[in-house]
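Me: Hi! Could you walk me through this protein in plain words?
Reply: Happy to, let's take a look together.

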Amino acid sequence: MANRDAPRRRSGGPEPRRTALWIRVIRGVFIWTFALLLLGGLALTAAVMVTARSLPSYDRLKSSQAGQMIVVRAADGSEIVTLGPSYGKWIPIARIPKTMQDAIVSVEDRRFRDHWGVDPIGIIRSIAVRFEKGHWRQGGSTITQQLARNTFLNSSRTFDRKGHEILLALALETKFSKDQILELYLNKVYFGGGAYGVDSAARKFFGHSGEQMSLAEAAIVAGLVKAPSHYSPTADAQAAVGRAQIVLKTMRETGDITPAEEQDADLKGVKLAQEVGQNSARYFTDWVLPQLDQILPDNDQPIEVWTTLDPTAQHAATEAIQANAPKDAQGALISVDRDGAVLAMVGGTDYVTSNYNRATNAVRQPGSAWKLFVYLAALEAGYKPDDKVKDEPVTIDGWSPRDSGGHYAGQIDVRTAFAYSKNTVAAQLGNEVGFGAVANMARRFGVTTPINTMPSMVLGTSDVRMIDMVRAFAEVSAKGQSLMPYGIRKVTTTEGEVLYSHRPDTPQQLVPDYVAAGITDLLQTAVSIGTGRAAQIGRPVAGKTGTTTSNKDGWFLGFSSGITTGVWMGRDDAKPVPGLQGGTAPARAFAAYMRVATAKRPPEKFDTDLKLPAYQIEPDDEAMQNNPDSYFYVDPSGNIVNHQPNTPADGTDQGDTRPARNRDDTVPVGDDGGHAANDDLLDQATGRRRAPRITPPPRPAPAYGY
């Protein structure tokens, strides 16, 4: 009995019981693990489904971006500058070159087509490297994870962010197809230099659309994703080529290309696009881009701003200023077409060293360029280019202007006085028609800065902006019709949808045609025989010089063949510039620029025929009154408003535009109480007696302030 019982005791002893216990424990662990995994899987699935439902639609993901991208284009469509992130044009997956798709997939996520948004092998490899190296060296992220991170998360390397990334990647794979995910990725991934997406990268680095990339170009672009700044072909061409070779090798290993295709890819022969210059053109973009806040105040989508800037004209303007500006002096230039479109703008000799835009922001005294308004007022009051005036010493309210060098020409005609910029004649004319009338004329023609009505104002002692003076001369070129300089023709989305299109204002007649013709006659003579001779370019040119006290400022403003251009030179600290006069460096810069700007335009003769109204041809009681027609001027805000007689120009003068001899408030001149001009001159100016045209004296001494 004892022998039979022994085996039973061994089979039911401690060791079998321990074995059975371990089996139950393992079975329990397995069951609980399976249950937990099942619950975790269900929870993850639920989380993925909820996240997927909360994701934006595909169209919204296409339009989402980090910051607004603005591409500024010149008149010919070429790119001037891109501000903010550049996303280029959206390219559907069917039009993205297959080589570009294969290059990205092979180097960034070769199992992209096989996983559900997360690559377990990649994650395990990343963790292993983390424990081996002590820090993260490989992210193990799939293309879908990268898309999730770039679209919804930041780039911090934490487990919390990684968990969100994985959840979002799974949700993206649930909601969208592989082709949709790849299309989103290729159009959004950052390639460096502000370029997001393959189209932007292709245009930046190669100068063409992302739909036209070769195998070599695709390899270079695909290699940028790992480290855009390090592998940029414009920053380090050797590093870019080395990285692209790795991409090609990977493509060969994955079977996307053959060994022969790998060998034929000429990486070093890829032609890179030239970097877009951002020097002087930035003065222009700094001027036009703030206008978008008024044109499209609520827009935050990527846009293209199509401007009026002519690249050829801009280059010529930059060279003209840099070549002619005196040493240690600054220079500025604005050029507008006959409709006000700004063709070129230079705000200084170098944007990099000084981005202050002197063409639009600086206020300086215009010197004798201001005489444009004096003579406009005189012509409107009845003077004609052939009328006699007297260049002689004169005193007005204790102020005695003098001509340069102290030389006086005596009796000359209005045309000659303007051509040689005679200060005493301008003073007499300003006093005769009224300084308020001169101020009002400047307001009409677009001067928005404060204007004083002291007698010396006729010599340009009121500060002005250069863009206002260019506008005034452009309006004379337009035969006395108003215009407004503008720089934006249209604004579109990157897909070509027009969001804004420039519409010109209805022009207003600022002065009668005969006044515009008369002042054009004077301006043309100033260039032909007067102080502006250096501005001649072999075709009709009309213009005026301006020089201020001690040669602090030099101006030349003029027009030819429908293009109006103004040039200013001087120092920012308003110190004298030896030898600077409007007829020297500024006039030469004007000529250098205008030869290029007008090269493709036919010469145009100016309309200088004085078609006088009947009340001037046949004088009567109304001959001494203003033209009854209504004209316009510009208020300090730049708005055109009706011009009314006796309207103060700046609140200090009544602005009466009648000749002084017809007013009760005749301004006395000097101690003898005489008028600024004698009775014979007044009779000639008002048409009572036609004065014969006289021959200009042989090159009288140049006037101060010309």
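Me: Thanks! How much of the protein is buried?
Reply: Buried residues account for 52% of its 706 residues. Keep in mind that this is a predicted model.

Me: Good to know. How many helices and strands are there?
Reply: The protein has 24 helices and 18 strands.

Me: And how much of the contacts with a separation of 6 or more comes from residues 24 or more positions apart?
Reply: Such pairs make up 72% of those contacts.

Me: What about the accessible surface?
Reply: That comes to about 32,400 Å², and 52% of it belongs to carbon and sulfur atoms.

Me: How many bridges do strand 6 and strand 7 share?
Reply: They pair over 4 bridges, in the antiparallel sense. Within this pair, Ser 335 stands opposite Ala 344 in strand 7.

Me: What sits in the loop between those two, strand 6 and strand 7?
Reply: Asp 337 has its place there.

Me: Is Asp 337 buried or exposed?
Reply: Asp 337 counts as buried because its relative accessible area is 13%, and the cut-off for buried is under 20%.

Me: Which residues does Asp 337 touch?
Reply: Leaving out residues up to four places away in sequence, Asp 337 touches Leu 343, Gly 562, Ile 563 and Arg 601.

Me: Now helices. What covers the buried residues of helix 22?
Reply: The cover includes helix 15, strand 6, strand 7, strand 15 (553–560) and strand 16. Among the buried residues of helix 22 are Phe 590, Tyr 593 and Met 594.

Me: Why does the span of helix 22 agree with what it should be?
Reply: Its 13 residues should span 18 Å at 1.5 Å a residue, and the end C-alpha atoms are 18 Å apart, so the two agree.

Me: And helix 15, how many residues does it have?
Reply: Helix 15 (residues 311–324) has 14 residues and reaches 20 Å from its first C-alpha to its last, close to the 20 Å expected. At its start, a side-chain oxygen of Asp 310 comes to within 2.9 Å of the backbone nitrogen of Thr 312.

Me: Which residues in helix 15 are buried?
Reply: They include Ala 313, Ala 316, Ala 317, Ala 320 and Ile 321. An α-helix has 3.6 residues a turn, so residues three or four places apart point the same way. Part of the cover over the buried residues of helix 15 comes from helix 13 (281–288) and helix 22 (585–597), among others.

Me: How do strand 1 and strand 2 run?
Reply: They run antiparallel, joined by 4 bridges. Arg 73 stands opposite Glu 79 in strand 2, and Ile 70 stands opposite Leu 83. In their hairpin, with 5 residues between the strands, Gly 77 takes a positive phi near 90°.

Conventions
Residues numbered from 1 in each chain as written. Predicted model: local features only at pLDDT ≥ 70, side-chain atom pairs only at ≥ 80, totals over all residues. Heavy atoms only, no water. Expected span 1.5 Å × (residues − 1). Buried < 20%, exposed > 50% of the residue type's maximum accessible area, 1.4 Å probe, protein only. Contact = heavy atoms within 4.5 Å. Polar contact = N/O pair within 3.5 Å; in protein donor to acceptor, adjacent residues only side chain to side chain. Pairing = 2+ DSSP bridges. Areas by Shrake-Rupley, 256 points an atom, 1.4 Å probe, with all protein chains shown as cover.
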